[in-house]
Structure formats: structure tokens, C-alpha cells
Amino acid sequence: MSLTKRSTRRRPGRSAVLLLAVCGVAAALTAGPAAAAGQETLHDLASAQGRYFGSATDNPELSDSAYTDTLGSEFGQITPGNSMKWDTTEPQQGRFDFARGDAITGFAQAHGQTVRGHTLVWHSQLPGWVSALPSAQVEAAMVNHITEVAGHYRGSVAAWDVVNEPFNDDGTFRTSPFYDAMGSDYIATALRAAHAADPDARLYINDYNTEGLGAKSDAMYDLVSGLVAEGVPVDGVGFQGHLAVQYGFPGGMRQNLQRFADLGLDVAVTELDVRMQLPAGAAGLATQATYYRDVVEACLGVERCVGITVWDYTDKYSWVPGAFPGQGAANLYDDNLRPKPAYAAVRAALGDDGGGGPAGPGALRARYRSNDSSVSDNQIKPGLQLVNTGGAAVDLSGVTLRYWFTGDNGASSYGTWCDWSPLGCSTLTHRVAAMSSPHTGADHYLEVGFGSGSLAPGTSTGEMQLRLSKTDWSNFDETDDYSHGAGDSYADAPKVTVYVDGELVWGLEP
Ligand code: G3I
């Protein structure tokens, strides 16, 4: 599946809310749990803006249930902080170990989260045997590593940081066993190998201190411009976002992201945190909140910015104090898993209205359960609900929902049915349409519409029992379908998308 989503509806009028949230840091500091019951999560808010909101994690943390409760609910995307790096996955040449990475992808799958793979080719956390290789053997070892690791995670990783941190801060290429053996050609070679191993993954080059305009981001721009011109398979550029309040906010971040997007690439903030000198005081936390806010706003200001990942969500598991003694407090939640002012600032920047739900069409959300007892028979039976969480009635005549699936083998024509709806099945329209550009998990969608009517504030359509089959009644394999879920009770479903007059207002398209 793709992490990308381009058709986005923006909600106006955020600045007043944002100011309140950022100025209200003292109140937020002592606020209770982050996600009050029924409150939209960070990922819900980001999804409504056509983005994901994710967090890094690491294997030892997965045994901390208070931590995983929030990791599994608040975030829609996971990046393994260490578990897919070379020293973990191929500690000895040709001996691969995927146990730790598999634990992370397993967690993500269990929580309906996408995964950014991190990272295939990096100068750091390399086992000694790579550095000891004769130069003539490095390319083959690199290609083999990429082939095995990206091949193993094919289907469970949506994007890869194929090459990590290729530049020094002055914009010159960083030396590494790969650069030393192949010059900068190692980057194109790595991308081609990753594409061959996993043609569906979005392939990124990722670096730090490239968030703003400057020599290092110029170097990245020159590099990826050349790769795009040569037809090398690069899909995106990752901007790590390891910021520090004492160094100032990166200048021109939005413009910088935009120039990469203008090359036809996705951009993403991949490792966001904002450190400060300890002990952290109210002023530092308030400044930090504005940095988080400004990063979110920079991303939302660029259509091709597909999402934001924080480099773990809590100070409890931050890499910062270990790497920068005396610094820390870099994350959205404190050591006790309590949300900090930055958390409120991110919510506000993502469009949270502070409670009660947004007004207007942006308040619509889809809920889904599978009504199917078999995932391999000749019918697909999604149960759908449309909910209006806002404060105003929504005219249903322009509203549609899409359930995304793969047709698999057999006929390309379909029949669709509504088996039951409290609205009356005759008020619903339904059809299957083929996607012009299929993605992993989807080459068709079931589209459900409403001929007329309105949905009152705070109400749901109730269950709409839909059913579809191919006209030759051949079987489906639903397990890999984008919108399919195994749950038999209704839950918010960001992979079932909702539109008003054709404009996406809820969820992520495949
Ligand atoms: O696993 C060993 C453990 O056995 C040992 O007892 C302990 C003692 O120091 O070290 C443990 O390894 C640590 C490893 O994280 C796993 O926790 C390493 O020392 C430590 O250096 C390593 O740090 C990681 C760092 O990359 C290494 O460069 C951080 O967790 C990880 O968050 C960080 O992530 C990087 C991104 O990959 C790239 N961008 C920058 C970012 C922050 O440095």
C-alpha cells in the first residue's frame, strides 16, 4: 500500500485555535490523559488532512503496556528505530535475522498501522564485516542485503529509507564503505535494488539538517534532481527533523519541502523530535510546542507531504539523552507518558477544534466491520456506517464512501447489493468501479452513495450491509484487500474513504 495521499480537503480557520493551544501551555502541562474518550487521535486528525501521523518504536518498549496502549491507538504509522538496521538484520554476512523487525511489523499489523522501513544503507550501525570487505565486494554485499531485507518485508513495509544520511553538513558526500567503493553511484544502485526487491514500496532518501534551505538541502536537491532525471526509482525524500530549541527553527522549511515536491516526489518528516537543555522549563516547552506546530504546518502546506513520524512519542524512550548528555525532553509526551504542550500544539495544527468535533463535512467518518464469515468465497460483505461527529447536519446527496479491494482472478464485471440499511436500501446507490492506477491491496472499489437526505449532528446512518460479487461468481482473496479488516464489531475505518462532492473528507486512499 502507499503511504501517499494527495486528494486532500483542508479545513480553514485554524490559527485562532492554534494560538490558544500554544499560549495555553501551562494548562496543557498538567492536562490529563492525551486522548480523552471519543477524542480524535493524532492520526485521526492527520488522516482528515490526508496525512499519516506516526511514531518510531523499538522492541524493548513493546513489553511496556502503558506505552503500547498509546503507540497502538494514537498513531497510524510505525517506524522501527533500530530493528531493521544492518547490524540487526545481517550481523554476519549472509546470515539474516528478521525476528526484531517482524515483531514491529506484527505490532503494526495488529493495530492497523503502516510501516516505514528504516534503513537499508547507512554508514552507522553497520556490522564490522561490511567495513572489512575488500572494496570490490561491497556492491554485491550491499545489493544482496537490500534484496534480502526488502524482499523479506515486501507487503508489510509501505516505504523504505533506502539510503540514510548520505551527506555531511556542508553538502559533500559522506564517506562510508559504500561511497568509498562506488562513489555516489551507490545511491542509484541501492534504489534500483530496492525497487527490484519490493516494487510496491515507496523508496526514500532520508537525512537530517536538510529541513530548511541551506547547503545540505541544496546537495540533497541536486542529488534527487539528477536521480529523477535519470529515471532512477526514487519516490520520496525524508526530512528527519531532529531539531533543538537552542539552534532555532529551520529557515524556509515549507519552501524547501515544496521544491522537492515540485520534482514529483513525496516528502515526509520522518524522525521528528525537538530537544532542549535539561531540566526542561515552561519556556523551553512552550518554544518546543511552536517548533512542533511549525513542522506540522510546513507539512500541511505542501500537498506532497505525506505524513509525519515522531522519533518515538515519549521522553521515556528517547535516544536524545544518550546521544546528547544534558539534553532531552524532546518528545510529545513526558517520561510518565503525559502529553506535553507540544502535543496540544500538534493537535491544534492538525485541525483539532478542542472538543465537540469539527463542524461541516470534515466531521464525517466511516466505520466498518466485516460481515463476511469467509475471506476466500465469492462475495465481499462490508458493513459500513457513516457518522457525523460535527455540530451541523450534513446533506447526504453529495456524500460517497469507498471500500477498496482487489478483484483477483475472474470476471471484471460486478454485481452489488444492499442487504439491509435502516435508511432503506432503496435510498442507497452502490456500484463497483475499477481504479485506473491499481495499488497494492486495491484495483477496484465499491462506491456507496445516498440519493438524498441529511445526517443530523452526532448521528450515524446505522449499519449499511453491502455485498458484491463478480458476475462469474469466482472467488476473492480478501486477506490482502486494502479496506478489509477482520474485526467483527464496528470501528473507525480510515481505509474506508468518504467524499463530499468528490472531495476526500475522511481516510487515506490506497
Ligand atoms: O542493544 C544495545 C544493548 O545491548 C546495549 O546494552 C546498549 C548499551 O549502550 O546499547 C544498545 O544498543 C543501542 C541501540 O540504540 C539500541 O538501543 C546503541 O548503544 C545506541 O547507540 C543505539 O542508538 C540508536 C541510534 O540511532 C544509533 O545511531 C537509537 O536508538 C536510534 O533511535 C537512532 O536512530 C537514528 C536513526 O536511525 C537515523 N537518524 C538519527 C536517529 C537518531 O540518532
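**Note on the predicted model: cores, aromatic pairs and ligand surroundings**

1. W404 is buried, with a relative accessible area of 4%; buried means under 20% relative accessible area, exposed over 50%, and partly exposed in between (1.4 Å probe, protein chains only). This is a predicted model, in which local features need pLDDT of at least 70 and side-chain atom pairs count only at pLDDT 80 or more, while totals for chains, interfaces and linings use all residues. Residues are numbered from 1 along each chain as its sequence is written, and side-chain values use heavy atoms, with hydrogens and water left out.

2. Rings of Phe, Tyr and Trp (its six-membered ring) pair if their centres lie within 6.5 Å; planes under 30 degrees apart count as stacked, over 60 as edge-to-face and the rest as tilted. By this rule the count comes to 24 aromatic pairs. The ring centres of W404 and Y445 are 5.0 Å apart and the planes stand at 55°, so this pair is tilted. W404 belongs to strand β14 (residues 399–405) and Y445 to strand β17 (residues 442–450), so the pair ties together parts that are 41 residues apart in sequence. Helices (H or I, at least four residues) and strands (E, at least two) are DSSP runs, numbered from the N terminus. Y445 also counts as buried, at 9% relative accessibility.

3. A nonpolar core is a set of buried Ala, Val, Leu, Ile, Met, Phe, Trp, Tyr and Cys residues joined through side-chain atoms within 4.5 Å. The largest such core has 91 residues, and F53, W160, F178 and I205 have the most contacts inside it. Helix α13 (residues 282–300) gives the most to this core, with nine residues. A second, separate core of 30 residues includes F405, Y414, F450 and A493.

4. Contact means heavy atoms within 4.5 Å. Leaving aside neighbours within four places in sequence, F53 is in contact with residues including L42, F75, I308, V310 and L350. F53 also forms one aromatic cluster with Y67, F75, Y313, Y317, Y333 and Y343.

5. In helix α12 (residues 253–261), the buried residues are M253, N256, L257, R259, F260 and A261. Their cover includes α11 (215–230), β6 (236–239), β8 (266–277), α13 and β9 (305–310).

6. Which residues come nearest to the ligand? Of the 13 residues around the ligand, these are N82, K85, H118, E271 and W311; a residue counts as near if one of its heavy atoms lies within 4 Å. An N or O atom in the side chain of H118 is 2.6 Å from an oxygen atom of the ligand. The peptide bond from H118 to T119 is cis, with omega near -5°, and T119 lies in strand β3 (residues 114–121).

7. A polar side-chain atom of E165 lies 3.0 Å from a nitrogen atom of the ligand. E165 is found in the loop between β4 (159–164) and α9 (177–182), and has a positive phi of about 55° although it is not a glycine. At 10% relative accessibility, E165 counts as buried.

8. D312 lies in the loop between β9 and α14 (320–323) and is buried, with a relative accessible area of 3%. A cis peptide bond, with omega near 0°, runs from L278 to P279; P279 is in the loop between β8 and α13.

Notes. Polar contact = N/O pair within 3.5 Å; in protein donor to acceptor, adjacent residues only side chain to side chain.
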